[in-house]
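Work through the exercises below with the sequence and the structure side by side. Try each task before reading its solution.

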Amino acid sequence: MRYAQGGGLTDAGRAARERVRLQAVERFEDGQKNREIAAALRVSERSVERWRRQWRERGEAGVLSKGSPGRPRLNEKQIARLARELGRVPLVHGWANQRWTLARIKRLIGRLFHVSYTVEGTWLLLRRHGWFWQQPARRAIERDDQAVEVWKKETWSLVRAPRRRATAGSSSRTRPASR
């Protein structure tokens, strides 16, 4: 079965799958064939074969769910420490400006906890714990509006290309000189 993008199963979905596997175990004990079990439980024969092999090797524990494959790799104590570190400015951690980026947070997690996340995984971790991206609501305090206006009047007019041609144009698709 294909999962939705970013997929996997929810805890409820995992529990439902586990119930199906346990029903298959009951049928294994009754001596039913894989094809009959697959038809009755509406799963593939290959899945039933795999479950039967796991059941033979490890018993009922072999078919039980092993939990979420994407479970968090940081515990609550580490999350609390990460929150404290993110409360400090990035300058403390060696970055030149005051902005936390996902790449920086990823690197910080690696330094502090020796755990590797992807940038996307870092974003999911932060969202899971209630952090969201922020955008400054106002302009920087250091901004000099007078200097910006002077630049617009003096420099921009020199840099900007003129919008209209200096000579009269032609509405013809071909150049007049080519006729």
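**Exercise 1. Helix packing**

Task: describe how helix 1 and helix 2 pack, giving angle, axis distance and handedness.

Solution. The model is a predicted one. Two packed helices are described by the angle between their axes and the distance between the axes. Begin with the angle: helix 1 and helix 2 (residues 34–41) pack at about 145 degrees. Next, the distance: their axes are 10 Å apart. Then the handedness: the crossing of helix 1 and helix 2 is right-handed. Finally, list the residues that meet. Helix 1 contributes V20, Q23, A24, R27 and F28. Helix 2 contributes N34, I37, A40 and L41.

**Exercise 2. Aromatic pairs**

Task: count the aromatic pairs, then classify the pair formed by F28 and W55.

Solution. The count comes to 3 aromatic pairs. For F28 and W55, the centres are 5.3 Å apart and the planes are at 40 degrees. Planes under 30 degrees apart would count as stacked, and over 60 as edge-to-face. The F28–W55 pair is therefore tilted, with 40 degrees between the planes. Now locate the two rings. F28 sits in helix 1 (residues 11–30) and W55 in helix 3 (residues 45–58). They are 27 residues apart, and the pair links distant parts of the chain. F28 has 4% relative accessibility, so this residue counts as buried.

Task: classify the pair formed by W95 and W100, and say whether each residue is buried or partly exposed.

Solution. The ring centres of W95 and W100 lie 5.7 Å apart. Their planes are at 70 degrees, so the pair is edge-to-face. Next, accessibility. W95 is at 11% and counts as buried. W100 is at 23% and counts as partly exposed. The cut-off for buried is under 20%.

**Exercise 3. Salt bridges**

Solution. Side chains of opposite charge can pair when their charged atoms come close. The count comes to 4 salt bridges.

- R88 is partly exposed at 39%, whereas E85 is buried at 11%.
- D145 is partly exposed at 43%, and R143 is partly exposed at 38%.
- E149 is partly exposed at 40%, and K152 is partly exposed at 47%.

**Exercise 4. A buried arginine**

Task: place R104 in the fold, find the nearest side chain of opposite charge, and name the contacts of R104 beyond four places in sequence.

Solution. R104 lies in helix 5 (residues 102–113). This residue is buried, yet has no salt bridge. The nearest side chain of opposite charge is E85, 14 Å away. A salt bridge needs the nitrogen and oxygen within 4 Å. Last, the contacts. Leaving aside neighbours within four places in sequence, R104 touches P90, W95, N97 and R99. One of these, W95, is the buried member of the edge-to-face pair with W100.

Key
Residues are numbered from 1 along each chain as its sequence is written. This is a predicted model: local features need pLDDT of at least 70, side-chain atom pairs count only at pLDDT 80 or more; totals for chains, interfaces and linings use all residues. Side-chain values use heavy atoms; hydrogens and water are left out. Helices (H or I, at least four residues) and strands (E, at least two) are DSSP runs, numbered from the N terminus. Buried means under 20% relative accessible area, exposed over 50%, partly exposed in between (1.4 Å probe, protein chains only). Lys and Arg count as positive and Asp and Glu as negative; His and the chain ends are not counted. Contact means heavy atoms within 4.5 Å. Rings of Phe, Tyr and Trp (its six-membered ring) pair if their centres lie within 6.5 Å; planes under 30 degrees apart count as stacked, over 60 as edge-to-face and the rest as tilted. Axes are lines fitted to C-alpha atoms, for helices over the stretch in contact, and angles run from 0 to 180 degrees between N-to-C directions. A crossing is left-handed if the near helix is turned anticlockwise from the far one by less than a right angle, and right-handed if clockwise.
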